[in-house]
Each structure stands twice: as structure tokens, then as C-alpha cells.
6 protein chains.
Amino acid sequence: MKAGPDSPLAVALSNVTTATITTLLLKKGLRNVWMRGPRPVRAGLARAIGHAFTLRFVPAREDLATPESWAKPVSTRSAIEAMPAGCIAVVDARGVTDAGIFGDILCARMKQRGIAALVTDGVLRDLAGILTTELPIWCAGAAAPPSVAGLTFVNWQEPIGCGGVAVFPDDVIVADDDGAVVIPAGLVDEVVALAAEQERFEAWVMREIGKGVPLPGLYPPNESTRARYEAERDKR
Amino acid sequence: MKAGPDSPLAVALSNVTTATITTLLLKKGLRNVWMRGPRPVRAGLARAIGHAFTLRFVPAREDLATPESWAKPVSTRSAIEAMPAGCIAVVDARGVTDAGIFGDILCARMKQRGIAALVTDGVLRDLAGILTTELPIWCAGAAAPPSVAGLTFVNWQEPIGCGGVAVFPDDVIVADDDGAVVIPAGLVDEVVALAAEQERFEAWVMREIGKGVPLPGLYPPNESTRARYEAERDKR
Amino acid sequence: MKAGPDSPLAVALSNVTTATITTLLLKKGLRNVWMRGPRPVRAGLARAIGHAFTLRFVPAREDLATPESWAKPVSTRSAIEAMPAGCIAVVDARGVTDAGIFGDILCARMKQRGIAALVTDGVLRDLAGILTTELPIWCAGAAAPPSVAGLTFVNWQEPIGCGGVAVFPDDVIVADDDGAVVIPAGLVDEVVALAAEQERFEAWVMREIGKGVPLPGLYPPNESTRARYEAERDKR
Amino acid sequence: MKAGPDSPLAVALSNVTTATITTLLLKKGLRNVWMRGPRPVRAGLARAIGHAFTLRFVPAREDLATPESWAKPVSTRSAIEAMPAGCIAVVDARGVTDAGIFGDILCARMKQRGIAALVTDGVLRDLAGILTTELPIWCAGAAAPPSVAGLTFVNWQEPIGCGGVAVFPDDVIVADDDGAVVIPAGLVDEVVALAAEQERFEAWVMREIGKGVPLPGLYPPNESTRARYEAERDKR
Amino acid sequence: MKAGPDSPLAVALSNVTTATITTLLLKKGLRNVWMRGPRPVRAGLARAIGHAFTLRFVPAREDLATPESWAKPVSTRSAIEAMPAGCIAVVDARGVTDAGIFGDILCARMKQRGIAALVTDGVLRDLAGILTTELPIWCAGAAAPPSVAGLTFVNWQEPIGCGGVAVFPDDVIVADDDGAVVIPAGLVDEVVALAAEQERFEAWVMREIGKGVPLPGLYPPNESTRARYEAERDKR
Amino acid sequence: MKAGPDSPLAVALSNVTTATITTLLLKKGLRNVWMRGPRPVRAGLARAIGHAFTLRFVPAREDLATPESWAKPVSTRSAIEAMPAGCIAVVDARGVTDAGIFGDILCARMKQRGIAALVTDGVLRDLAGILTTELPIWCAGAAAPPSVAGLTFVNWQEPIGCGGVAVFPDDVIVADDDGAVVIPAGLVDEVVALAAEQERFEAWVMREIGKGVPLPGLYPPNESTRARYEAERDKR
């Protein structure tokens with residue numbers, strides 16, 4: 001399944017919370033799929049869905065991490081030009097929070113190239129400026145210094161760690177108010193198949209709660225609750 | 001003194017800041033009553049006041065912390081059903097911030113049962129959903145994964161730690177924009193007695209500041225300031 | 001160059017972001033000028049610019065850090081009265097985040113004395129109250145307990161550390177949405193001289209991005225970009 | 001299976017490393033059984049094996065955590081007297097490392113009562129003194145202050161967290177140079193059954209390495225290595 | 001009371017553990033006197049006792065923290081020459097552990113000038129070299145980089161923080177296997193007066209433990225234990 | 001210059017401390033070359049010198065980090081077989097300290113293949129076993145769990161971060177009692193050229209200290225000290 005704003009994948013997951021995705025993946029034995037660090041850069045961001053395009057930084061070393069390095073062939077600039085429209089850029093900034101990986105200019109270019117979102121365990125710089133670009137961003141905050149004050153860019157489309165989670169180039173990323181999760185490439189179809197039903201069931205439970213039904217036996221459902229739910233669901 | 005929205009306790013403390021409470025308790029030798037972690041989940045929450053109903057988690061172990069565990073007799077579900085209206089649920093999540101202790105369904109049930117507030121050093125999940133429940137929450141943020149990804153629920157109404165502070169079932173909790181504090185059960189009456197006068201004095205000081213009075217001698221007051229304050233106070 | 005709301009310094013830097021300042025200082029070999037911790041206390045604060053007036057705390061010791069200490073000659077109260085109008089108070093709170101250095105009363109007095117801003121790696125208390133004072137504040141959050149619960153005030157106008165950065169009394173501080181940076185006293189004139197041109201160039205780059213120009217060769221500029229920019233700039 | 005120095009359990013596990021136990025438990029899906037914090041208090045401690053006897057602390061509150069509290073019925077003293085010989089005391093100190101949970105006197109009493117070992121994510125005090133007691137201890141270091149400076153004791157034989165791991169009263173603890181692991185009560189027999197064979201196989205691999213056999217195909221073994229090992233094993 | 005190797009103060013405290021000192025100070029309401037960080041640099045260091053001579057660092061800034069700065073009038077070199085024999089140098093390194101405050105040369109000079117000990121929440125460099133100087137050191141470990149890679153020296157004999165504890169020039173420092181504690185100048189005589197009796201009582205308790213006496217009623221002593229102890233003590 | 005036990009590089013640096021190397025690199029503007037985390041695994045390790053052979057881990061994901069993964073073509077096993085004799089293996093374990101990257105078997109194979117040393121910001125497992133292999137190791141401690149409990153191996157001979165420092169395959173690593181430093185490939189010859197003279201000068205200073213010469217003017221040397229040193233040096 002391919003991503004992109006109106007892709008079948010994006011449509012299928014558009015109403016599925018990251019909370020539901022983590023529950024489904026935990027039932028398959030995956031407990032470590034939610035990235036520690038990335039948060040919506042502003043209130044009201046729509047859920048973002050796309051295939052991961054990875055970028056990797058290592059720590060800064062003064063002989064490598066210089067403003068001059070920004071013009072080298074392997075640079076964040078080249079990486080941005082290599083991104084396909086609709087992807088989600090996932091940046092391994094090693095959790096460094098005192099050097100901003102990108103500012104307004106790079107975010108503006110990403111927005112123009114149709115990148116669906118930027119997700120990082122690092123921080124951005126020039127917060128006022130990047131908000132004007134309207135690129136959807138999940139990050140760990142803002143810091144004034146340039147990336148080279150703390151980080152050296154090394155490559156793109158490699159396996160990375162982001163917020164304590166492994167991300168590979170083929171994986172699917174979903175980000176919303178609870179942060180960002182990875183769906184391993186091999187599990188995407190299965191998650192999509194289960195997600196709609198899970199959301200439907202939880203919405204029904206919320207209506208039951210609204211009627212005053214107590215939790216035990218309702219959520220998780222015992223057999224009679226399950227039967228009652230299925231009967232109501234099938235009636236519709 | 002009993003709690004609850006219109007209880008004498010809630011009325012007595014409704015205009016008393018947590019800042020004032022910590023000052024009063026420090027004067028009695030208690031320096032560690034403010035919980036590190038709990039923050040208002042949204043702007044504009046009214047001050048919450050109530051008796052603590054404690055819940056306790058330990059770390060997750062894959063043989064214990066499973067979706068199946070949610071249906072066991074000792075579960076967060078049963079704990080919620082055991083809470084009296086007007087209490088403040090205080091949850092020891094051991095500061096774990098990558099697994100959400102509750103989501104929208106449990107919060108909706110707590111709201112419906114008349115719980116005054118939820119306070120935890122952990123995080124919630126499905127932030128968008130829990131905001132719709134209107135349960136007042138003080139927590140350390142949001143994370144998508146379910147509690148069982150990081151925590152195992154073990155019991156309720158035991159002594160707990162929350163944000164580095166000891167909380168016992170009989171204690172009183174007050175939470176506002178500065179976070180949440182505990183008033184040990186044995187000190188509640190005394191704090192209530194002193195709080196109103198302290199707030200009255202500080203309001204008078206703010207008016208003096210507004211008139212351009214310098215700080216030394218004013219706050220803390222020297223003898224002549226104290227006399228001037230008392231004269232004005234008694235005139236009213 | 002002297003500071004103050006309408007001083008030449010404040011005018012010269014009023015449109016210069018802290019991001020630009022850190023880039024300029026990095027080019028001079030200074031990589032550690034952005035303070036870890038201070039954040040705008042509310043959205044929409046205008047950029048603050050001023051000379052640093054430093055305050056220094058050490059950890060609390062129960063025999064020293066008492067409410068009584070607030071009336072001593074060396075106290076935060078005396079420090080506030082010694083501040084010149086237009087300065088930025090920079091407070092070394094050693095990164096302590098569970099004791100508020102100041103509350104509404106001290107902030108109100110600072111506002112009245114014309115202090116341009118308060119910057120600290122610590123936290124404030126009585127958040128609701130300090131917001132009413134309208135003092136511009138960059139801090140690491142809020143906590144209810146008084147400073148004496150965690151800190152002892154020792155002196156003012158000494159060299160300090162704030163958020164992992166050295167600040168001396170003669171330095172210039174600039175704070176905006178990305179936090180707070182120090183410009184060492186000896187480098188202020190040079191930074192001011194370079195900053196306007198840097199901002200002008202980056203604004204031109206943003207317009208180029210808006211036209212769809214790709215990043216490589218544009219930012220950083222290669223020779224032909226540089227020539228094109230200079231031609232357009234000189235035309236104006 | 002019961003513990004104790006010469007118990008069948010202790011004999012069965014006496015040559016099994018905690019490294020091997022974690023590998024076996026990971027193969028059953030348990031990834032979080034090694035406690036972060038506990039280290040051997042001195043070089044040369046023999047492997048300790050026993051059933052967990054749990055103790056639980058919460059943070060200190062000045063009205064609770066006093067030298068007077070040491071004489072209360074629920075105290076660490078009473079807990080020590082309740083421990084059966086051969087058990088391993090596992091103490092949830094919430095990772096507090098600036099207050100020592102026990103000193104020489106309590107350790108001497110534990111040694112005399114035949115406690116197999118003390119395991120904690122906290123620290124001990126009077127390091128010189130506790131070494132003379134010869135009680136085997138795994139802890140996070142030493143600190144001079146008494147427990148009441150940072151902790152309040154609340155109960156024993158409850159579920160606890162220790163170093164980020166859940167420990168229940170029936171579980172088995174094994175501690176060696178790599179630290180301390182928990183074997184959930186329900187998995188002890190299975191681990192014991194697999195452990196001897198795993199150690200035998202790894203010892204054979206070490207001999208193969210000594211002969212210059214390369215790693216790929218050897219460890220983990222491919223089919224021909226597996227066959228070769230089994231043939232040699234069965235010959236013995 | 002003055003310090004120095006054979007001073008009455010050193011003699012009075014030579015058999016008093018830092019554990020006992022923290023217990024005595026806690027009974028006077030001081031819970032924060034043990035420094036987090038300083039550890040004996042090698043096994044077998046004798047207890048060190050002396051008056052604090054304080055040094056203060058702030059974070060490094062590249063324009064200040066240079067090898068050239070080592071020759072300035074306000075330098076660690078000058079500070080060392082200003083230290084009186086018998087003092088304990090207490091260095092506020094702000095907990096920085098990736099830049100060594102001193103190496104073998106400075107330690108050799110301190111040893112030669114008769115400094116009783118060096119205590120810091122930072123680290124030393126050239127560990128092999130400093131061990132040959134035989135200066136007694138309590139520190140947070142070792143790191144190769146020079147101080148100027150992370151720290152700027154600013155002054156001596158000011159109030160400092162060290163490991164989260166306030167230290168003033170007149171205070172007394174005691175360091176042993178459990179780390180380092182401060183006795184505030186005003187409390188030294190009282191602590192000395194109580195310490196010998198406390199150590200005598202605890203030694204008696206250890207002998208009672210050796211006889212198999214259970215903990216409850218013994219430690220802390222109930223009335224009959226207290227009477228028994230006092231009778232035995234007075235007989236001697 | 002090539003590495004290896006008796007290589008000219010190893011001979012040239014065999015008496016040069018990591019402390020001296022960091023001082024020389026700082027004078028060239030490199031302040032971040034010392035790795036946070038790696039420590040000698042036991043006392044008495046000789047200084048290790050060699051070219052870096054890098055290995056890279058990302059965080060564990062249960063679908064990737066399995067015992068089965070150990071047999072895949074891209075595995076730590078294959079990486080070890082690819083290492084040239086005399087190299088220093090530098091492992092980016094992302095600072096994870098609760099899963100051991102290697103145990104006794106892999107270390108035994110590395111030793112047999114002539115690897116000069118293993119340096120990592122992670123931990124080892126089966127500490128007792130790896131000590132018997134006599135492979136020189138600098139690491140952040142020991143933990144029982146296998147690497148797959150926390151880490152996924154992804155590649156070798158890529159740029160990595162280790163302990164907050166960038167390491168590239170061509171760089172030179174030196175490790176001693178103070179930990180491990182990187183000398184960027186392009187700076188090796190220059191460092192070697194300066195190092196011997198620096199060590200000679202510092203040894204002379206230590207002899208001067210032994211004669212009672214005070215620090216100011218001696219270290220750093222003023223002109224007359226410099227002249228005196230050079231005269232004595234040239235006499236030899």
C-alpha cells in the first residue's frame with residue numbers, strides 16, 4: 001500500500017489514532033513503536049500518515065560540523081531534494097535538544113516539495129519562522145543554535161533510531177496529538193485491516209459509558225458485552 | 001473536614017494557591033509536598049481540591065502486563081468503580097512517560113462517577129479523546145502506548161509515591177496552574193486556618209507594590225509594615 | 001552600546017532572531033551561547049534585548065534557606081531594588097525545577113522598576129499571578145514551592161552559569177521564541193554589524209524558495225547565487 | 001522448588017549466569033527482567049539465588065520520615081525480623097541514591113538471620129561497616145544520609161518495582177557480577193530445565209572459538225554445527 | 001575549633017563516620033548536607049577532615065575558557081597558592097563530568113602545600129598521574145579533556161554549590177568511604193559533642209546484634225535497652 | 001601512519017596520555033573528542049592505540065531484534081570477521097546500558113583475531129566471562145540481557161556517534177585510564193608531532209613542582225620559565 005495525502009493508506013488510517021495502532025502492535029508483541037520526543041509543534045495539526053524517509057546525524061565535531069559543510073554533496077540540502085512527495089521525513093538527531101536541525105528556509109523547501117510531515121527526536125530553530133511555512137512538524141521543541149553546533153549530518157535512507165525506536169526506510173509513520181509511531185513495513189496491511197474495527201468498537205464503548213455502564217465486563221468486553229456489541233454492529 | 005465540590009474544605013481552599021500552601025507547609029518543616037510531573041492537561045482548569053484516592057503501578061513484565069490483565073479483579077477498571085465521588089485519583093506511575101495510564105474510555109467513566117480530578121506523575125493516552133471527557137487532569141503529558149507497554153497495575157488505596165512525594169489515602173490534594181500539592185491529613189485544619197489570612201496579606205502587598213513601595217521592609221514585612229497592614233485590615 | 005527599550009542596541013537587534021545571533025557567534029568559534037531551560041512563559045512575547053544583571057543561587061540548606069532569609073540585606077529583594085531600568089535579570093537557579101525563584105509580588109516590583117525581562121534556568125511560582133504582572137519572562141516552567149525549598153540566594157552581579165552558559169554582568173542578552181542567548185560584551189558591536197545583512201540575505205532566500213529554487217547552490221549560496229543576490233540587493 | 005543455600009533450586013542454578021537466564025527468558029518473550037541499579041557491593045561475591053522477600057519505600061515526607069519512625073510497628077526493623085532464612089531481600093527504594101536504606105547494624109542482623117542476599121535499586125550507608133558484616137549485597141552504591149532523609153518505609157511482601165522491573169513475593173532472584181534478575185515464579189522450573197543445556201552448549205562454543213573456528217555458523221549454530229555439538233555432547 | 005591533621009577538630013572527628021554526622025544533622029532539621037558526586041578516587045583513603053576552601057567554576061565559553069586563561073590572575077593556579085595548609089578544597093564544577101578540573105601537576109602542588117583533601121562534584125584528568133601525587137581526592141570520576149573544554153574558573157572563597165549542597169568558606173568538611181558531608185560552621189561544636197556518644201552507642205548495638213538480640217526495641221532503643229546500655233557504659 | 005601493536009603510530013603514541021591529546025586537539029579548536037561512557041573494564045589495562053573499525057546499533061524492535069537475527073548476513077558476527085588485526089572496534093550502542101552488546105564468546109573471537117581493543121558507550125554481558133578472554137575493553141559497565149533486548153545491529157564501517165563524539169572509519173582511537181579519545185584522521189600526524197614535546201615539558205614541570213616551585217609562571221610557563229625549560233631540555 002502506498003502513502004500520500006489521498007493514497008489508500010492515508011485514507012485507511014485517517015481516523016485511526018496512534019493509541020489504537022500501539023494497542024494493535026502490542027497484541028503482536030511489539031511494545032516499542034512510539035517515539036520519545038516528537039510532539040506536535042503547534043495545536044491543531046491534522047494526523048499525518050506516510051512512508052518514512054530517514055535522515056541520520058551523528059554528534060558534532062568542530063572539524064566536520066561547520067557552516068561550510070552545508071554546501072557538501074552529502075548534506076541536509078541534498079537529502080531534502082531527494083525526498084519523494086508524500087513521504088514523512090524522520091530525522092535521527094540522537095535526542096540532541098540544544099541545536100536546531102532545520103530552520104525556516106529548509107522547512108519552506110520541504111513544504112514546497114510536498115513532504116507530508118517532519119518527525120524528529122531533535123529540535124527545530126527559528127520557531128516563529130517555521131510556523132509560517134505550515135509544514136506539519138513533530139519535534140522535541142526549539143533551540144536557536146544551528147545544527148552544526150551539536151550535530152553532523154551523515155546520510156539519508158539508512159536504518160535509524162528516533163526517540164528510542166528503530167525506523168527503516170520502508171516503514172509507515174503515523175503522527176497525531178499523542179506523538180509519532182512506526183508501523184513496520186511488514187505489518188502495515190494487518191494493522192490497517194484491524195484498525196477500523198477496533199475504532200468502531202471503542203466508539204461503541206464510549207456510547208455505553210455515556211449511558212452509565214460500569215467498566216468491568218464492558219472494557220475489555222466479557223462474552224455478553226461482546227455479543228451485544230456484535231448484534232448492534234451487525235444491525236447497522 | 002470532608003472534600004467534594006461544595007464541601008466546606010473545597011470552599012475554604014478554593015481561593016488558596018498551591019504556592020501559598022507550600023509556603024505554609026514549609027513553615028511547619030515540610031519541604032517536599034509538591035509533585036514533580038503533574039501539570040494541567042489544558043489551559044484554564046479550575047483549582048481542584050479533594051481527598052486522595054491512590055492507585056499504584058509497578059513496571060511492566062510481559063507475563064503480567066497484557067491486554068488480558070485489564071479484565072482481572074485487581075484492575076484499573078475495578079479501582080475506578082471503587083472511587084467515591086469528589087475524590088482526587090492520585091496515580092503512582094513511577095514517572096513512566098512512554099506508556100499512557102488511561103485513555104478516553106476510562107476518563108469518561110471517571111468523569112461520570114463524579115471524580116474531582118486525576119493527578120499522576122505518568123502520562124495519558126489519546127489526548128484528543130480525553131479532552132472531550134472534560135475530566136480535570138494533571139499529568140506529565142501524553143503517549144500513545146497502552147499502560148501495559150510499560151506498567152503493571154497492582155493495587156489501590158495504599159501509600160504511594162507520586163512525583164517524588166509521599167501520598168497516603170487520607171491526605172488532601174490541591175491542584176492548580178502550578179501543579180499539585182499534598183496536605184498531610186493531620187495538617188489540613190491548620191493549613192485551612194492560616195491560608196485565608198496569608199492570601200489576604202499577599203493581596204494587600206500586591207496593592208502596595210502597585211503604589212510603588214519598594215520590597216525591603218514590605219515583603220516580608222518589617223514591624224511598621226505589619227502594623228500598617230493590620231490597621232488597614234481591621235478597618236475593613 | 002547601551003540597552004533599554006528604545007536604545008540604539010535594542011533598535012539594532014529588534015529584528016534579529018536568536019537563531020541568526022547563534023549562527024554569527026558560531027562563525028567566530030562560540031558554540032555555547034544558548035541557554036538550556038529558559039522558554040517564553042506565554043505565547044506572543046516580544047523579543048527582549050538588554051544588558052545582563054546577574055543573580056546567583058546555591059542549593060538550599062535548611063539553616064540558610066528560610067522565609068526569614070528573605071529579610072536579610074543580601075536577598076533577592078535587595079537585588080531587585082539594585083537593578084537598573086532596561087536590564088535583563090539573568091538568574092542562575094542551577095537548573096532546579098521544583099522550587100520557584102519568584103512569585104507574583106517580586107515580578108510585579110520588577111515590572112514596575114522597568115526591568116526589560118527575567119531569564120532563568122529555574123522556574124517561577126504562582127504562574128497565574130505572574131502572568132498578570134506582564135513582566136516578560138523566559139523560564140523552565142512553574143512550581144508551587146518557594147525558592148527556599150530548594151535554593152539559597154547568595155549574590156548579584158557576579159559571573160554565573162545559566163542553562164549551561166556563562167553569563168557576565170556586561171554581556172548582552174537577547175530572548176525570543178527560541179529562548180535566550182548571550183552576546184559576550186566584547187562581541188556585541190560586531191554581531192550588530194553583521195546581523196542586519198544576514199537577516200536581509202535570509203529573507204531573500206525565503207523569497208527564492210517561494211519561487212521554487214532548490215536548496216543546493218542557494219543556501220548556502222554558491223558564487224552565482226551570491227552574485228545574483230548582491231545585484232538585487234544593490235538595486236533596491 | 002524451594003530456595004536456600006543448599007536447596008535443589010540453588011544447586012540447579014549455581015552455575016547458571018544471569019546472562020544465560022535473560023537469554024532464556026527473552027526467548028519466552030520477557031525482555032524486562034534485569035534490574036537497573038543493583039551491582040555487587042564488592043568484587044568476588046558468589047552468585048546468590050533465592051526467593052524474593054520484598055520491601056517497599058515511598059519518598060520521604062518530613063512528618064513521616066523521622067528517626068522516631070524507626071520504632072513504629074511497620075518498620076524496616078520488623079520487616080527484617082519477618083524474613084525467612086535463605087530469602088533474598090529485594091528493596092524498592094525508587095532509585096533514590098542520596099539516602100542509604102540500611103547501615104551496618106541492620107545488615108549485621110540480616111546476616112545473622114541467614115538472609116541470602118540484599119538487592120536494591122537504592123544505596124547503602126556506612127559502606128566500611130556493612131562490608132564487615134559479610135552480607136552479600138547488590139546495590140546502586142553508598143550514601144551517608146539515613147533512609148529517612150529521602151525515603152519512608154511502608155510495607156513488606158507486596159509487589160514492587162526494583163530498577164524498572166516488577167518483583168512479586170513468589171519470584172526467584174539470581175544475582176552475580178552482571179547484576180540481578182528476576183525469574184517469575186511460574187517460569188522457574190522451565191528456566192532451570194533449559195539452563196544447564198544452554199551453559200553446556202556455550203562452554204562447547206568457547207572451546208571451538210579457542211580452536212579458531214569463526215563465528216558465522218558457529219554461534220548461533222547452523223545445522224552442521226548443531227549436529228557436531230550434539231554428537232560430541234552425547235559421546236561424553 | 002580549627003582544622004588540620006592533628007588539630008583538636010580532626011582528632012575529635014577522626015572516628016566519626018559521615019553516616020553518623022548526617023544522622024546528627026538530620027535530628028537538627030538538616031536533610032541536605034551530603035554531596036552527590038564526590039567519591040574516593042581510590043580504595044583505602046583515610047577519613048579527611050578540614051575547613052572548606054571553596055573554588056567556583058561556571059560553564060565554558062570559547063572566548064573565556066582557553067589555555068591562555070590559565071595564566072590570568074584569577075586562575076585555579078592562584079587559588080591553589082592561596083589555600084592554607086590543612087584545608088579541604090571544595091570545587092563547584094556544576095556536576096560537569098566531561099572535562100577534568102585538575103590534572104597531576106595541580107594535584108602535586110596541592111599535596112606539596114599541605115592541602116588535606118580535594119572534594120568536587122566534577123572529575124579529574126590524568127587519573128594515573130594524580131594517583132601518584134597521593135593527594136586525597138573525592139570526585140565524580142575521570143575525564144581526559146582539560147577544564148577549559150567545559151568550564152571557566154571564576155573565583156575562590158565564595159559560597160558555592162557542590163553536588164546539590166551549599167558550602168560556605170567557614171564550614172567543616174568530612175569525607176570518607178560514603179562520600180563527603182558539610183557541617184555548617186555554626187553547628188560544628190554541637191556535632192562534635194554528640195558524635196562520640198553516638199558512635200559509642202552504635203558500637204554497643206553492634207555487639208548486641210552479635211549476641212543475637214533482635215532489632216525491635218534495640219535500635220532505636222526502647223527504655224529498657226537504653227537503661228541497659230547506660231548501665232554498661234557507665235561501668236566502663 | 002598505520003596502527004597495530006608495533007606500528008610506528010602505536011610506538012609514537014604509547015607514552016602519550018589521552019589528557020595530552022585532548023589538550024592538543026583543543027588548541028586546534030576541537031573540544032568534543034572524548035567519549036562519554038567508555039571506561040576500562042578492569043584496572044591495569046595498557047594504553048590502546050589503533051584505527052577505528054565502527055559498528056552501529058539502532059534501538060530494538062521486537063520484529064527485528066531476535067536471537068534469530070544473530071545468524072543473518074548483516075550481524076555482529078560478520079562484522080567481527082571483517083575486522084582487520086590491530087584495529088579498535090568502536091561500537092555505537094546509543095548509550096543503552098541495560099542490554100549487553102557482546103558476551104564472552106564474541107570477545108574471545110575478537111581477541112583471537114588480534115583486535116587491539118573494544119570501545120563502546122554501551123555495556124558488555126557476562127562480565128566474569130569476558131575478563132577471562134583478556135580482550136582490552138572500554139565500556140559503560142555490564143548488564144546481563146542480550147543485545148537484542150535493547151538494540152538492533154545495522155551495519156559496520158559507517159560514521160557513528162559514540163559517547164556523544166563523532167567517529168569515522170579512518171580515525172585513530174587512543175584509550176587509557178581516563179577513557180577513550182578520537183584523533184580525526186587528518187590531524188593524526190600533527191598530534192603525534194606535538195605530543196612527545198608536550199609530555200617532555202609536563203614531566204619537567206612535575207620535577208619543578210617537586211622542588212617546590214609555585215604554579216603561577218610555571219604552568220603555563222611565562223617567558224623566563226620557558227627559557228629555563230628549553231635550556232635544560234637542550235642540554236640533555
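**View 1. Chain B and chain D are related by a rotation of 180° in this predicted model.** B:Arg94 has the C-alpha of chain B nearest the axis, at 4.0 Å. Both copies use the same surface, since 100% of the contact residues of chain B recur in chain D (contact: heavy atoms within 4.5 Å).

The model is predicted, so local features need pLDDT of at least 70 and side-chain atom pairs count only at pLDDT 80 or more, while totals for chains, interfaces and linings use all residues. Residues are numbered from 1 along each chain as its sequence is written, chains are lettered from A and ligands numbered from 1 in the order in which they are written, and side-chain values use heavy atoms, with hydrogens and water left out.

**View 2. The contact of chain B with chain D takes 27 residues from each of the two chains.** About 2100 Å² is buried between them, 55% of it on carbon and sulfur atoms (buried area: accessible area, 1.4 Å probe, that two parts lose on being put together, summed over both). B:Arg61, B:Glu62 and B:Arg94 supply 28% of the area that chain B buries against chain D, more than any other three residues.

**View 3. Salt bridges and polar contacts cross the interface of chain B and chain D.** There are 6 salt bridges (a side-chain nitrogen of Lys or Arg within 4 Å of a carboxyl oxygen of Asp or Glu). In one of them, D:Arg61 pairs with B:Asp171, the closest N and O atoms being 2.9 Å apart.

**View 4. A:Arg109 lies in helix 4 (residues 104–112) of chain A** (a DSSP run of H or I, at least four residues, numbered from the N terminus). A:Arg109 is buried, with a relative accessible area of 7% (buried: under 20%, 1.4 Å probe, protein chains only). Its side chain reaches the backbone oxygen of C:Gly212 at 3.3 Å. Beyond neighbours within four places in sequence, A:Arg109 is in contact with A:Ile80 and A:Glu81, and with C:Ile209, C:Gly212, C:Val213, C:Pro214 and C:Leu215.

Conventions: Copies are superposed by least squares on the C-alpha atoms of residues with pLDDT of at least 70 in both. Helices (H or I, at least four residues) and strands (E, at least two) are DSSP runs, numbered from the N terminus. Buried means under 20% relative accessible area, exposed over 50%, partly exposed in between (1.4 Å probe, protein chains only). A polar contact is a pair of N or O atoms within 3.5 Å; within protein, one must be able to donate a hydrogen and the other to accept it, and residues adjacent in sequence count only if both atoms are side-chain atoms.
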